[in-house]
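Here's a quick briefing to read alongside the structure. Have the viewer open and follow along topic by topic.

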Amino acid sequence: AGAAGGATTLEGHSAAVMCMCMSGRGQLVSGSVDHSVRIWDVAAAKAVSSLQAHSRSVHCVCTHELDAGAPYGHGSDVVFSGSRDHSIKVWDLRTNKAVADLRGHTGSVTCVGAYQWQLASGAGFNRAMDNDTVLSVDSTIRLWDMRKMQSIWVKEVPAPPGGTAHPKGDPVLCLQLLHDKILTSHGGKDWTARVWQVGR
């Protein structure tokens, strides 16, 4: 770690940092092209753990505190990480272990958001191992039940009308999960934003 111009630099990842968020414990969570998720003690300016389970770059992270009845403990802080390997890992911060591996997307998981027992995720380009060639587009939004660790709702984002994207699709860039709605923005030809009613 180092300081410059009043800012503290946290060093530890070996490739570009793609995403960050704060946990309920006041720790910083980061995801990187180096395939890892790191947990940082901001006050001490150092990494306290490195979570390794993804096989490709990590594109999004979010944290959530689950209530009583969680399959891995009362009030446990969890981290969700989405990756170019098409998976979402669920991490228990008490053990720094992946306790679930959510599968269903066929492209990079670009964004995740949690609310109560639900997790929403969006996806985008399915890239070849050269990380450049686009093979296909997964333009779906999924809703997951964290009690069952399974997908309970899926919506395909329609391709922009008259679009020339190849392959066709409208990648999900970011989302926010509310009580009964999901807000999304997209990276297709028209750069759209949408509001989805969950369950419809």
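**A histidine in a loop**

His54 is found in the loop between β6 and β7. Keep in mind that this is a predicted model. Let's start at that histidine, then move on to a sheet, the nonpolar core and the overall numbers.

**Around His54**

- Is His54 buried or exposed? Its relative accessibility is 6%, so His54 counts as buried, the cut-off being under 20%.
- The His54 side chain makes a polar contact with the side chain of Asp85, at 3.1 Å.
- Ser87 is also a side-chain partner: its polar contact with the His54 side chain comes in at 3.3 Å.
- Leaving out residues up to four places away in sequence, His54 touches His35, Ser81, Ser83, Asp85, Ser87 and Lys89.

- Zooming in on one pair, β3 and β4 (residues 28-32) are antiparallel and share 5 bridges. Met20, for instance, has Ser30 in β4 as its bridge partner.

**The largest nonpolar core**

- In soluble globular proteins, nonpolar side chains tend to be buried together.
- Here the largest nonpolar core has 14 residues, and the members touching the most other members are Phe80, Ile88, Leu102, Val112, Leu119 and Met146.
- Two or more residues of this core come from each of β7 (58-65), β8 (77-83), β9 (88-92), β10 (97-102) and β11 (109-115).
- What does Leu102 touch, not counting residues up to four places away in sequence? The list is His86, Ser87, Ile88, Val90, Leu119, Trp144, Met146 and Met149.

**Whole-protein numbers**

- The secondary structure comes to 19 strands and 0 helices.
- Of the 200 residues in the protein, 48% are buried.
- Among contacts with a separation of 6 or more, 41% are between residues 24 or more positions apart.
- The accessible surface is about 9,600 Å², and carbon and sulfur atoms account for 51% of that.

How values were computed. Residues are numbered from 1 along each chain as its sequence is written. This is a predicted model: local features need pLDDT of at least 70, side-chain atom pairs count only at pLDDT 80 or more; totals for chains, interfaces and linings use all residues. Side-chain values use heavy atoms; hydrogens and water are left out. Two strands pair if DSSP finds at least two bridges between them. Helices (H or I, at least four residues) and strands (E, at least two) are DSSP runs, numbered from the N terminus. Buried means under 20% relative accessible area, exposed over 50%, partly exposed in between (1.4 Å probe, protein chains only). Contact means heavy atoms within 4.5 Å. Accessible areas come from the Shrake-Rupley method with a 1.4 Å probe; for residues, only the protein chains shown count as cover. A nonpolar core is a set of buried Ala, Val, Leu, Ile, Met, Phe, Trp, Tyr and Cys residues joined through side-chain atoms within 4.5 Å. A polar contact is a pair of N or O atoms within 3.5 Å; within protein, one must be able to donate a hydrogen and the other to accept it, and residues adjacent in sequence count only if both atoms are side-chain atoms.
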